[in-house]
Amino acid sequence: MTSIRWLLLPLLTTVGVGLSLVILSLPENPPGLQNTVAQHLELSGVTNPVTAVLLNFRAYDTLLEMTVLLLAVIGVWSLDVSVKSDDREPGLVLEGLTRLLLPLLILVTAYLLWTGSHGPGGAFQAGAVLSAAGILLVLSGWQPTFDFHQTRLKWILTGGVSVFAAVGVAPLFDGRPFLQYPNEYAGELILLIESAATLAIGLTLTLLFIGTVSAGRKPS
Amino acid sequence: MEAVAALEWATDGLLGLTLLWLGWRAVSTPELFRAVILFVAFSLFLALVWVRLAAPDVALAEAAIGAGLTGALLMSAVARLETLDKEQMDKEQIKQEEKTGPG
């Protein structure tokens, strides 16, 4: 094993030095595609260039990303779906902090979702904060009483991808290509997609956590 | 203005070095729990780096997902590994006692 270490050291040093040289030789402030995006920003329906790229110009990529999240939940569920209960009492600090933080987290989710159209934010950030709220709930001793096969759960989970795909397919009936929103409604359609995506992402990430947590507990 | 530029260099350099150091420590710690904590700290520093690179959306996502969700998932994975290890050791102990018991 030590001989491989002596081989790794010069190899990694070479890679590191090569990367540093490449980064140091990059031009100062390359514009990239910023100018192109800025020129077409009014057509996208939002004023934040990141949201415009994610949900309008490259909406197909975001659609596939949400499908990947759905596949991840299906993968975790395929291992162990039953929720095993845990009788531990949460500590005083955890319980008090959860009571304080949960309404705040939900408010922050709504704010991030709304502000995504004109500032940093958006569906993924809001969904991640919502999932943090869900994880806090689970950690503070909340027992999920719902059945994992419940239809409502599945509607919310698949709602993100479904709404996105529906909004993408609808222009096909008008003779326009897939995912080409009509320019007048582009802002509202993006908000619709982002709302469904926030709920779906929040629920997906929380279910991923519940799945891994309950898989390790002994049935009581 | 020179002081501001020097301060910026110092901050960026410190952030970069801290990232490298945290990454190395997270990978080289023998205890898994410590490694997960270092990974969460790494995520938080990376979120600061994203802000310095003028990418606030990525910074928000990194802070929420890297420090929040992935940290929690890794913690529950470490807890599960320790439970599995304990079960393994209990099973081996039972086997040992069965071997030496009747003898």
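D12(B) is partly exposed, its relative accessible area being 32%. This class lies between buried (under 20% relative accessible area) and exposed (over 50%), computed with a 1.4 Å probe and protein chains only. The model is predicted: local features need pLDDT of at least 70 and side-chain atom pairs count only at pLDDT 80 or more, whereas totals for chains, interfaces and linings use all residues. Residues are numbered from 1 along each chain as its sequence is written, chains are lettered from A and ligands numbered from 1 in the order in which they are written, and side-chain values use heavy atoms, with hydrogens and water left out.

## Salt bridges

A salt bridge requires a side-chain nitrogen of Lys or Arg within 4 Å of a carboxyl oxygen of Asp or Glu. D12(B) and R52(B) form such a pair, with an N to O distance of 2.7 Å. Because D12(B) belongs to helix 1 of chain B and R52(B) to helix 2 of chain B, the pair ties together parts that are 40 residues apart in sequence. Helices are DSSP runs (H or I, at least four residues), numbered from the N terminus. E8(B) joins D12(B) and R52(B) in a network of salt bridges.

Over all chains, the whole structure holds five salt bridges. In chain A, R58(A) pairs with D61(A), where the closest N and O atoms are 3.3 Å apart. R99(A) pairs with E95(A), where the closest N and O atoms are 3.1 Å apart. Both partners of the latter pair, R99(A) and E95(A), are located in helix 6 (residues 92–115) of chain A, four residues apart, about one turn of the helix. The table gives the accessibility of these residues.

| Residue | Relative accessible area | Class |
|---|---|---|
| R58(A) | 47% | partly exposed |
| D61(A) | 33% | partly exposed |
| R99(A) | 62% | exposed |
| E95(A) | 30% | partly exposed |

## Nonpolar cores

A nonpolar core is a set of buried Ala, Val, Leu, Ile, Met, Phe, Trp, Tyr and Cys residues joined through side-chain atoms within 4.5 Å. The largest core comprises 37 residues, of which M66(A), F164(A), Y181(A) and I201(A) touch the most other members. At least two residues of this core are supplied by each of helix 4 (49–57), helix 5 (59–77), helix 7 (123–139), helix 8 (151–169) and helix 9 (186–215) of chain A and by helix 3 (56–100) of chain B. Helix 9 of chain A provides the largest share, 11 residues. Apart from this core lies another of 10 residues, including L102(A), L112(A), L136(A) and A64(B).

## Surface patch and a buried loop residue

On the surface, I4(A), L8(A), L11(A), L12(A), V15(A) and L19(A) form a nonpolar patch with about 570 Å² of accessible area together. Such a patch is made of residues with over 30% relative accessible area and no salt bridge, nonpolar side chains (Val, Leu, Ile, Met, Phe, Trp, Tyr) being joined within 5 Å; areas come from the Shrake-Rupley method with a 1.4 Å probe, and for residues only the protein chains shown count as cover. L19(A) is placed in helix 1 (residues 2–24) of chain A and is exposed, at 53% relative accessible area.

T29(B), in the loop between helix 1 (2–28) and helix 2 (32–52) of chain B, is by contrast buried, at 10% relative accessibility. The side chain of T29(B) reaches the backbone oxygen of R25(B) at 2.3 Å. Not counting residues up to four places away in sequence, T29(B) touches R34(B) and L38(B), contact meaning heavy atoms within 4.5 Å.

How values were computed
Polar contact = N/O pair within 3.5 Å; in protein donor to acceptor, adjacent residues only side chain to side chain. Patch = residues over 30% accessible without salt bridge, like charges linked within 9 Å, V, L, I, M, F, W, Y side chains within 5 Å.
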